[in-house]
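Dear colleague,

I am passing on the structure below for your own work, and after it you will find an account of what came out of the analysis. Please read the two side by side.

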Amino acid sequence: MLKLPIYLDNHATTPVDPRVLEDMMPYFKDDFGNAASKSHEFGWRAKHAVDKARVRIAMLINAEPHEIIFTSGATESNNLAIKGVAEFYRLKGTKIITSPIEHKSVLDVCKSLSKWGYEIVFLNVDKYGLVDINELADRIDDKTILVSIMTANNEIGTIQPINEIGEICKEKKVLFHTDAAQAMGKIPVDVKEMNTHLMSLNAHKMYGPKGIGALYIRSKRPRVSLSPQIDGGGHERGFRSGTLNVPVIAGFGRACEIAQTEMDDEVKRIAMLRDKLQSGITSKLEEVYLNGHPEKRVPNNLNLAFAYTDADSLMTSMKEIAVSSGSACSSEEVEPSYVLKAIGLSDDLAHCSIRFGLGRFNTEEEIDYTVNKVVEKVKELRGISPVYKLAKAELK
Ligand SMILES: *Cc1c(COP(=O)(O)O)cnc(C)c1O
């Protein structure tokens, strides 16, 4: 039996996997200890859970456990990485290179750093959202201290040429940070292959709990330093103080362990459902355009522009399907998505764009339902649109 509503907004957040929840429960109850309490069993048990999670997270990205620093999420990790490097390397230089389609938690950090005298360079992106690595190589100079480019975009799913970016940064001896929140568990992520020095992660985009994330900080060749942004107590090797949230850390670890063993099969299944959704819609409707890259995108992403169809009206007409228009984080605003603008989409088409985000718990039945519903509602809305009628009349 098909259960409504259908959740297709997995880029905003994912449900917690029942196995993850199960692993978290003991640490809310009997094993409530403080992982920093060294003198008794309660503390030891908590510490053991944290250590185990740290190993699991490190394994998924091919890092060493001590290179994983727990934070409250990818927003905090991005803040720590960028502000931390900016502060620590201030005397070396003040130039930071990024892209215009980063998550707000990177863009807003850069904005606030520009008030402190840092120079922020935005690389161009093409119509797919890809940065140009030649432009990157050209823009790096001896004042450049950091390059921050996301692994995969949260709206259009585009996967950047991360290995090449990492290679250039390595050659030019500039630190490279990547926000991998949308990539973890969807594509292989390997900090060594990517030549990345800093990587932001979170749990709630990969079937773990909210409010927990991590920053990978490379410890060798080169050893990366940064200024902590939260002081007090020296937890997490001094990079991030505060009592660790043991239950959600245990959940994050389990989520990574599941991703490690199941990703290959899961990704195939989800990509198949995504392709079915895409071809189902585009074969039955004209003037539907794909936002993002047809191949270089995460397997769970489908961002479509339905010409002559206001995205918010479409969503209102199919309330039993949870999707989003523009970026989830700015859906309060009426401004078209800055990501869609940056890839050159007209305001009109941006306002007609819907992001479908598939996930672990979606079924084929749900996809079939969604295809039918979207096709029906788009036809309905176009049928009452004067602009659509006018455009069709002109074509005749
Ligand atoms: C969700 C997301 C974030 C923010 O992560 P939180 O853990 O919610 O703070 C940052 N970057 C990207 C790419 C995201 O998708």
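This is a predicted model: local features need pLDDT of at least 70, side-chain atom pairs count only at pLDDT 80 or more; totals for chains, interfaces and linings use all residues.

Salt bridges between domain 1 and domain 2, by contrast, number zero.

The domain assignment gives domain 1 as 6-12 + 263-395 and domain 2 as 18-258, with 31 residues of domain 1 and 31 residues of domain 2 taking part in the contact. Taken over C-alpha atoms, the centres of the two domains lie 30 Å apart. Between them, domain 1 and domain 2 bury about 2,600 Å², of which 58% is on carbon and sulfur atoms. On the side of domain 1, Met263, Tyr338 and Arg360 lose the most area to domain 2, together accounting for 25% of what that side buries; the elements that give two or more residues to this side are H7, strand E10 (301-306) and helix H9 (338-342).

Turning to helix H2, this element covers residues 41-61, and its 21 residues reach 31 Å from the first C-alpha to the last, close to the expected 30 Å. Its buried residues include Gly43, Ala46, Arg54, Arg56 and Ile61, and what covers the buried residues of H2 includes helix H1 (18-28), strand E2 (68-71), strand E7 (198-202), strand E8 (213-217) and helix H7 (246-284). Just after H2, Asn62 adopts a positive phi of about 60°.

With kind regards

Methods. Residues are numbered from 1 along each chain as its sequence is written. Side-chain values use heavy atoms; hydrogens and water are left out. Helices (H or I, at least four residues) and strands (E, at least two) are DSSP runs, numbered from the N terminus. The expected span of a helix is 1.5 Å times one less than its number of residues. Buried means under 20% relative accessible area, exposed over 50%, partly exposed in between (1.4 Å probe, protein chains only). Contact means heavy atoms within 4.5 Å. Domain bounds come from an automatic or database domain assignment. Buried area is the accessible area (1.4 Å probe) that two parts lose on being put together, summed over both. A salt bridge is a side-chain nitrogen of Lys or Arg within 4 Å of a carboxyl oxygen of Asp or Glu.
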